[in-house]
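Reader: I am new to this structure. Please walk me through it, one question at a time.

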Amino acid sequence: MNTAQPDVRYGRGSQRALLLLAAAVSLSLSLAAGVSAQKNFSRKYPARQNVRLELVNRFGKIEVIAWDRNEIKVTANMDSPAARFNPEQSEDALVINVVNDNRGRGEIGDVNFQIWVPSNSTVEIVTRRGNIIVRDVSGNHVRVRSFEGDIELTGIRAAAVMAENTTGNITFDGEIASGGEYVFSSMQGDINISIPANSAFRLVATAPMTRNIALGPFPSGGLSFIGEGRKVVGNVGDGGASLTVTNQRGSIKFFRR
């Protein structure tokens, strides 16, 4: 008696089709999750040359770049769960406060900003964690603070500059204006200052833990080392500006710009 054998070709074909379908669905869900995991923001705001940008972030990198347009362009990408923020514009300022706009929401993802501002803008930035970069700004002042992250200020020609972090390096590459005030402070990291060799300022530099203060191109004739090298005080040139540098556990180094 002949017993008919089942045709396994149909079963195998169905299995392959189901596997392909499952893979396609999985890929589609993965792509959708990737899209929903990050949101983007981009908007332009008309602004006058001496506008003030004020930004308070929670987590994420911040980059501010000067350009020759009378407008501010704000772009941001937000990791999930996406933060919300509502920039508020007045006649003389654009204010973005991610912390206040997300109060009570619990955890939010990083918000990474890239912002273009008129070259003569004033810039004020605070973030809990993330690197801060400011380029080519020449407004009234630049004030930045990151509890955890590097700070890089390049091409700066502001009348006053303040940069402070708890952990991270601070780099300043810019000009020292006569009568200006410049303050750099870190708990742990290196502070590197590149300024023109003909800069004139009253210096107070303190590195209590490391005693690592390198004056580079600046003559020490008008400067005094105090406390076995923990502190340097005195005038460079006519002492026209005020320069205060404090680094608890890192180095302080000067370079010719």
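Author: A polar contact is a pair of N or O atoms within 3.5 Å; within protein, one must be able to donate a hydrogen and the other to accept it, and residues adjacent in sequence count only if both atoms are side-chain atoms. This is a predicted model, where local features need pLDDT of at least 70, side-chain atom pairs count only at pLDDT 80 or more, and totals for chains, interfaces and linings use all residues. Residues are numbered from 1 along each chain as its sequence is written, and side-chain values use heavy atoms, with hydrogens and water left out.

Reader: Which residue has its backbone oxygen 3.3 Å from a polar atom of the side chain of Asn57?
Author: Asn57 lies in the loop between strand S2 (52-56) and strand S3 (62-67). Strands here are DSSP runs of E, at least two residues, and helices are runs of H or I, at least four, numbered from the N terminus. The backbone oxygen at 3.3 Å from the Asn57 side chain belongs to Phe59.

Reader: Is Asn57 buried or exposed?
Author: Buried means under 20% relative accessible area, exposed over 50%, and partly exposed in between, with a 1.4 Å probe and protein chains only. Contact means heavy atoms within 4.5 Å. Leaving aside neighbours within four places in sequence, Asn57 is in contact with residues including Val98, Phe113 and Arg128. At 2% relative accessibility, Asn57 counts as buried.

Reader: How many strands does the protein have?
Author: The secondary structure also includes two helices. The strand count is 21.

Reader: Which residue takes a positive phi in the hairpin of S18 and S19?
Author: S18 and S19 (residues 231-236) run antiparallel, joined by four bridges. Ile226 stands opposite Lys231 in S19. The hairpin has four residues between the strands, and the one with a positive phi near 65° is Gly227.

Reader: Which residues touch the most other members of the largest nonpolar core?
Author: A nonpolar core is a set of buried Ala, Val, Leu, Ile, Met, Phe, Trp, Tyr and Cys residues joined through side-chain atoms within 4.5 Å. The largest one has 60 residues. Those touching the most other members are Phe113, Leu153, Phe184 and Leu203.

Reader: How many aromatic pairs does the structure hold, and what is the angle between Phe201 and Phe218?
Author: Rings of Phe, Tyr and Trp (its six-membered ring) pair if their centres lie within 6.5 Å; planes under 30 degrees apart count as stacked, over 60 as edge-to-face and the rest as tilted. The structure holds eight such pairs. The centres of Phe201 and Phe218 are 5.6 Å apart, and the pair is edge-to-face because the planes stand at 75°.

Reader: Which residue forms a further edge-to-face pair with Phe218, at 5.9 Å centre to centre?
Author: Phe218 lies in the loop between S17 and S18, and its partner in strand S21 (residues 252-256), so the pair ties together parts that are 36 residues apart in sequence. Both residues are buried. The planes are 80° apart, and the partner is Phe254.

Key. Two strands pair if DSSP finds at least two bridges between them.
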